[in-house]
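Good morning, everyone, and please have the sequence and the model open while I talk. I will go through cavities, then aromatic rings, then salt bridges.

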Amino acid sequence: MKKLLVANWKTNPLTTKEAVKLAKAEDHKGVVIAPPHVFLESASKTLKKAKLASQDAFWGDLGAYTGEISWRQLKEFGVEYVILGHSERRNPPVGGGETDELINKKLLSALEGGLNIILCVGEPKEIREKGIETAKNYVQNQLEKDLKGAENLKLKTENLIIAYEPIWAIGTGTPDTPESAAEMSIFIKSLLTTNYSLQTKVLYGGSVNGRNSSGFLSHPEIDGALVGGASLNPEEFNKLI
Ligand code: PGA
């Protein structure tokens with residue numbers, strides 16, 4: 001399985017000029033770039049080798065959904081992947097986050113619309129402090145709710161990618177260890193093989209940077225990384241590539 005690097009720019013950068021510069025610097029095979037929606041069009045025109053992702057996609061097609069962006073509109077810009085269930089959308093700083101039910105609705109409609117999903121799961125600190133088995137139960141519960149009904153779709157391996165992102169590791173500078181990220185990856189893969197007959201890629205995300213990436217990326221059970229902060233610095237991101 002080839003390794004995949006997903007660059008999640010979150011709400012960065014400020015200008016189109018900067019976004020185009022960043023997209024050019026990160027335009028490599030095996031890379032998926034998720035810019036903010038406002039830069040999708042310019043990124044789409046810039047990228048030749050990397051694939052384009054959206055940081056979210058609404059479940060509705062076209063209609064009266066003020067402020068939302070539908071999977072069909074995203075496809076118009078050449079978007080092939082969508083990140084769903086990121087912990088910053090599940091628990092945004094302003095409150096009112098996404099439930100597993102909403103994530104499930106978005107996931108099913110984006111899959112039916114032909115987008116590939118990068119589904120983020122991961123436990124908060126207080127759960128992990130109870131041990132990795134409690135964390136596995138938490139992640140299993142997220143996966144079962146988020147993927148409800150997906151067993152009825154004929155999914156190919158590239159249609160569904162799971163990103164294991166322990167919340168306590170995101171943006172904190174304190175990543176998980178490659179060994180326990182791999183243990184979680186093995187657990188997720190076995191669940192998906194049993195319940196959905198899928199050979200799924202499992203990425204690790206949470207404070208991955210140029211110094212620690214090789215521990216994750218060289219591990220046979222970790223199929224790539226979802227990278228936030230380090231993807232805003234082309235020099236740093238190129239070390240990962
Ligand atoms: P980080 O973010 O690399 O800045 O920790 C990862 C993510 O939120 O996907």
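How do the residues of the lining of the second largest cavity divide into nonpolar, polar and charged? Before I answer, please keep in mind that this is a predicted model, in which local features need pLDDT of at least 70 and side-chain atom pairs count only at pLDDT 80 or more, while totals for chains, interfaces and linings use all residues. Residues are numbered from 1 along each chain as its sequence is written, and side-chain values use heavy atoms, with hydrogens and water left out.

Now to the cavities. Rolling a probe the size of a water molecule over the atoms shows where empty space is left. On a 1 Å grid over the protein atoms alone, a cavity is a set of points where a 1.4 Å probe fits but cannot get out, and its lining residues have an atom within 4 Å of a point. Grid points are joined across faces, edges and corners, and a volume is the space filled by probe spheres set on the points. By this rule there are 2 cavities of 30 Å³ or more.

The second largest cavity holds about 30 Å³ of space, and the residues that line it are Leu 143, Glu 144, Leu 191, Leu 192, Asn 195 and Tyr 196. Helix H7 (132–146) and helix H8 (178–196) are the elements that give two or more residues to this lining, and H8 gives the most, with 4 residues. Helices here are DSSP runs of H or I with at least four residues, strands are runs of E with at least two, and both are numbered from the N terminus. To return to my question, the lining divides into 4 nonpolar residues, 1 polar and 1 charged, where Ala, Val, Leu, Ile, Met, Phe, Trp, Tyr, Cys and Pro count as nonpolar, Asp, Glu, Lys and Arg as charged, and the others, Gly among them, as polar.

The largest cavity holds about 50 Å³, and its lining includes Ser 87, Arg 90, Cys 120 and Glu 165. Helix H4 (87–90) and strand S5 (116–121) each supply at least two residues of that lining, which by class has 4 nonpolar, 4 polar and 2 charged residues.

Let us move on to the rings. Rings of Phe, Tyr and Trp (its six-membered ring) pair if their centres lie within 6.5 Å, and planes under 30 degrees apart count as stacked, over 60 as edge-to-face and the rest as tilted. A search of the whole structure finds 5 aromatic pairs. In one of them, Phe 58 and Tyr 65 have ring centres 4.8 Å apart and planes at 55°, so this pair is tilted. Phe 58 is buried, with a relative accessible area of 8%, whereas Tyr 65 is partly exposed at 31%; buried means under 20%, exposed over 50%, and partly exposed in between, with a 1.4 Å probe and protein chains only.

Tyr 164 and Tyr 204 also form a tilted pair, at 6.5 Å centre to centre and 55° between the planes. Because Tyr 164 lies in strand S6 (residues 160–164) and Tyr 204 in strand S7 (residues 201–205), this pair ties together parts that are 40 residues apart in sequence. Both Tyr 164 and Tyr 204 are buried. Ring pairs also link Phe 58, Trp 59 and Tyr 65 into a cluster.

Side chains of opposite charge can pair when their charged atoms come close. The rule asks for a side-chain nitrogen of Lys or Arg within 4 Å of a carboxyl oxygen of Asp or Glu, and the whole structure has 18 salt bridges. Glu 183 and Lys 136 meet in one of them, at 2.9 Å from N to O. With Glu 183 in helix H8 and Lys 136 in helix H7, the pair ties together parts that are 47 residues apart in sequence. Glu 183 is partly exposed, with a relative accessible area of 32%, while Lys 136 is buried, at 10%.

Asp 223 and Lys 189 form a salt bridge too, with their closest N and O atoms 2.9 Å apart, and both residues are buried. Finally, Asp 56, Arg 89, Glu 98 and Lys 106 are linked in a network of salt bridges.

Note on methods: On a 1 Å grid over the protein atoms alone, a cavity is a set of points where a 1.4 Å probe fits but cannot get out, and a pocket is an open set with protein on both sides within 12 Å along at least five of seven lines; lining residues have an atom within 4 Å of a point.
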